[in-house]
Amino acid sequence: MSQGPRSGLAAVSSALLAMSRHLEVRDVLKTIVASARELLDAQYAALGVPDDHGGFAQFVVDGVSDQQWKAIGPLPRQHGILAAMLQEAKVERLADVRRDPRFEGWPSAHPDLVDFLGLPIRDGDEVIGALFLANKNCPKPEGSCGFTEEDEELLGILAQHAAIALTNARLYERSRELTIAEERSRLAHELHDAVSQKLFSLRLTAQAAAALVDRDPSRAKGELHQVALLAAEAADELRAAVVELRPAALDEDGLVNTLRTQVQVLDRAHAARVTFAGRGARALPAAQEEAVLRVAQEALHNALRHSGAEHVDVTLDRRGSGAVLRVTDDGNGFDPQSIRRAGRHLGLVSMRDRASGVGGSLTVESAPGKGTTIEMEVPGG
């Protein structure tokens with residue numbers, strides 16, 4: 001057996017192992033596309049998951065920079081060659097996609113595709129996606145396709161396993177959604193019970209204070225102080241429950257936009273100036289994005305509620321394939337070595353647990369009167 005087939009088999013094996021490591025649908029899609037492009041040595045690769053409205057619910061590319069992708073514009077529709085792969089469920093191998101009668105053009109910023117290999121991804125009789133590659137990196141005589149029958153066979157094997165990986169990822173996400181729904185229901189009951197009790201106590205205490213205002217002002221003052229404590233406890237109960245839920249905005253808008261929106265809201269709601277800067281950070285695995293968001297929320301809460309800061313700055317920077325979050329304030333600061341007991345109150349233990357739980361790290365820099373910087377680094381995918 002020649003070295004070539006063994007090398008091809010090893011490459012397929014590596015691609016399949018890479019797909020099996022991910023459970024999130026988007027991560028699986030990105031791995032499939034990157035594996036296909038590397039396996040067949042193509043300049044471009046893409047995978048589209050169709051929706052029911054003539055477009056794509058998800059569309060992942062590899063070989064195109066973020067700047068190029070942004071310039072291309074909206075996601076493609078199901079037309080031309082893409083529609084043929086989805087509707088007719090057959091392989092398309094073309095020497096020049098631009099000369100195919102079904103070709104309908106592309107946006108001005110779109111890269112120029114020539115030779116083309118595409119095929120549907122099927123789960124039984126259902127077509128769940130379209131995988132295609134373009135511009136094979138090899139010498140090509142005029143009018144011939146760089147992609148071979150062997151490439152088509154390899155991509156077919158990859159597509160079969162991609163269907164399994166994608167189906168498993170979808171099942172995992174549905175299972176997680178059910179778990180989240182159950183958790184929301186549980187939290188709703190706990191929230192209702194806890195806050196209702198606090199509000200009931202608050203109402204009774206307020207009534208007692210009102211009755212004492214004229215005949216015993218001193219006792220009335222004490223009751224009003226208790227009202228303030230009960231109100232604060234009720235607010236804490238609400239916050240503790242809400243923080244445990246993953247906001248829908250994270251799935252819809254991504255980490256950078258979600259952080260930016262939350263910072264803008266906090267900037268309007270507080271006297272302190274709160275700013276955000278996102279510099280080159282790419283999408284991260286879902287678990288890491290959620291952990292980064294939670295740490296940012298906890299650090300912002302601490303800075304705005306406890307530090308007396310006038311300025312709070314949040315930054316999210318790219319570092320390798322991962323990212324670094326920093327939340328810096330100019331508040332009172334503290335001695336990190338002397339807050340072991342207070343650490344849980346400040347949420348530092350929780351933040352460290354969240355960071356380590358996704359393979360990241362968390363550092364705290366602070367000193368009395370010198371403000372605080374919380375830094376979290378995650379490795380990416």
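Reply: Let's start with α8, which is mostly covered: 17 of its 21 residues are buried (under 20% relative accessible area, with exposed over 50%, partly exposed in between, using a 1.4 Å probe and protein chains only). Bear in mind that this is a predicted model, where local features need pLDDT of at least 70, side-chain atom pairs count only at pLDDT 80 or more, and totals for chains, interfaces and linings use all residues. Residues are numbered from 1 along each chain as its sequence is written, and side-chain values use heavy atoms, with hydrogens and water left out.

Me: How many residues does helix α8 have, and what span does it reach?

Reply: An α-helix has 3.6 residues a turn, so residues three or four places apart point the same way. Helices are DSSP runs of H or I, at least four residues, and strands are runs of E, at least two, numbered from the N terminus. The expected span is 1.5 Å times one less than the number of residues. Here α8 covers residues 286-306, 21 residues in all, and its first and last C-alpha are 30 Å apart, close to the 30 Å expected. Just after α8, G308 takes a positive phi of about 70°.

Me: Is K136 buried or exposed?

Reply: K136 counts as buried because its relative accessibility is 13%. You'll find K136 in strand β5, residues 126-136.

Me: Which residues does K136 touch, leaving out those up to four places away in sequence?

Reply: Contact means heavy atoms within 4.5 Å. With those sequence neighbours set aside, K136 touches L40, D41, A42, D115, G146, F147 and D151.
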